[in-house]
Amino acid sequence: MNRRSLAGRLAALAAVTATLGGCAPDGGDDGAASPVSAPPGSTAQRTPGSGGTSARTPQGTLLVTDFGADTVTFVDPAGRGAAADLGSVRVGTAPYGIALGEDGTAWVATAEGVAAVDTRTRVRTALVPHRTDTGPVTTGEYRGGGMGIALSPDGSRVYVGVNVPGGKGTLEVVDTERREVTRVVPVGRRPFDVDVSRDGRQVYATNHDSFDVSVVDTGDWTARRIEVAPYGTEGGLGSWLKPHYAAVRPSDGALLLPFEGERLAVVDPGTGRVRIEDMTANTHQHGVTAGADGTLYVVGTGPIDPSEDDGPSLTVRTPEGDERVVPLDGPHETVALSADGRTAYLSGGFTRDGYWNGLSAVDVATGRVTRLPVGERPLAVAVLGGQGTGAG
């Protein structure tokens, strides 16, 4: 296993930043972040040519947020060619995370607010505006607005991490029945991911640019900060070695955050203690999800330094810590699981340059990879009836 020092890492960063870009601060952008007009308000919306709504959306359908197209695309992974595309729904500017409710509603974090989509009819039924002031509505990696998103166990609340360019973010609480923001809690910078404890008493915001997780108590709405920085915080906003996404371990509720295919931070949200375990993929890592049996699935986006690091991959890690690494073609961002846990779906959108318009479907047992053309910069994936939804 490559045990690079932090100094070596920072030197590698300086050498490759010009060609690769970094998981860097909210200041630059990977594209022109020009203001765009907001879509119409909370009315039902579908994109032209998305087909009729009489056919019920089947279980196992993939919902993909199109970060480059302001839509959510519905895909039948068993289909072929045009038959696989079940249509797209306009949800709002630059959609990021997605969470599925048991009532068939998909909640989507966008730059403008949280969109509600009826997955049965494939229609947007609401757009709940953010209460947090995030500045002009823009697109691109560092745009303000919703990022990570999750539902409370009873489905009564949606929790969305809101990025505020140049400052600390917030956790907004949306009442799913009233469809309005009822509370705003300060958290860290750029909340990539949001997760919820099994009992619903805590919400976890993984804050990329402040090297931490905010633990929010849903009883009194206080927030505690836990630093998660297994490589330290040297480099600040320009560092690559920051947390991205987390998964809640089913067995004990610990938070699992992968770093660089080398270290897994195991966080006790009650005590704030962070323990480090070894990983083996040796690649920059982003999305992560945990299966019902505790198996961890981790997205490797590719090398920071191509001369030292390995390429994109999917790590399949057992609860005992044994790992199998499946090589992938091209960078990916998030991962979700089919209902039977046999297939992992990885989005090709990626928050950096180098993304591609598709998904990789990985047969977990054999490691066989099938690439599916999907959407425009697909960032998060959710599976109707699946085990994992979107980013975390």
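T65 has a relative accessibility of 0% and is therefore classed as buried. In this predicted model, T65 belongs to strand 1, which covers residues 62-66. Apart from neighbours within four places in sequence, the contacts of T65 include T71 and V72. Further along the chain, T65 touches P95, Y96, G97, I98 and V108. The list of its contacts also holds R377, P378, L379 and A380.

The chain as a whole contains one helix and 28 strands. Of its 392 residues, 60% count as buried. Where contacts join residues at least 6 apart in sequence, 53% of them link residues at least 24 apart. The accessible surface of the chain amounts to about 14,500 Å², and carbon and sulfur atoms account for 49% of this area.

Confidence was examined along the chain. The mean pLDDT is 88, with 84% of the residues at 70 or more. Over residues 47-52 the pLDDT is below 50, and this stretch has 10 contacts in the model beyond near neighbours in sequence. Residues 9-22 also have a pLDDT under 50. For residues 9-22, the model shows 25 contacts beyond four places in sequence.

Strand 20, residues 284-290, is largely enclosed by the rest of the structure, because seven of its seven residues are buried. Strand 20 runs antiparallel to strand 21, residues 296-302, and five bridges join the two. Within this pairing, T289 has Y297 of strand 21 as its bridge partner. The hairpin formed by strand 20 and strand 21 has five residues between the strands. In this hairpin, G294 adopts a positive phi near 95 degrees.

Charged side chains were considered next. The model contains 15 salt bridges. One of them joins R190 and D209, with an N to O distance of 3.7 Å. R190 and D209 are both buried. These two residues also belong to a network of salt bridges that links E141, R190, D209, K242 and R352.

A further salt bridge is formed by E323 and R317, whose closest N and O atoms are 2.5 Å apart. The two partners fall into separate accessibility classes. R317 has a relative accessible area of 5% and is therefore buried. E323 reaches 21% relative accessibility and so counts as partly exposed, given that the buried class is limited to values under 20%.

R371 and D329 also meet through their side chains in a salt bridge, at 3.9 Å from N to O. This pair links distant parts of the chain, with R371 and D329 lying 42 residues apart. R371 is in strand 27 (residues 369-373), while D329 is in the loop between strand 23 (323-327) and strand 24 (335-337). With a relative accessible area of 39%, R371 is partly exposed. D329, at 53% relative accessibility, counts as exposed, since that class begins over 50%.

Technical notes: Residues numbered from 1 in each chain as written. Predicted model: local features only at pLDDT ≥ 70, side-chain atom pairs only at ≥ 80, totals over all residues. Heavy atoms only, no water. pLDDT = per-residue confidence, 0-100. Contact = heavy atoms within 4.5 Å. Salt bridge = Lys/Arg side-chain N within 4 Å of Asp/Glu carboxyl O. Buried < 20%, exposed > 50% of the residue type's maximum accessible area, 1.4 Å probe, protein only. Helix = DSSP H or I, 4+ residues; strand = E, 2+ residues; numbered from the N terminus. Pairing = 2+ DSSP bridges. Areas by Shrake-Rupley, 256 points an atom, 1.4 Å probe, with all protein chains shown as cover.
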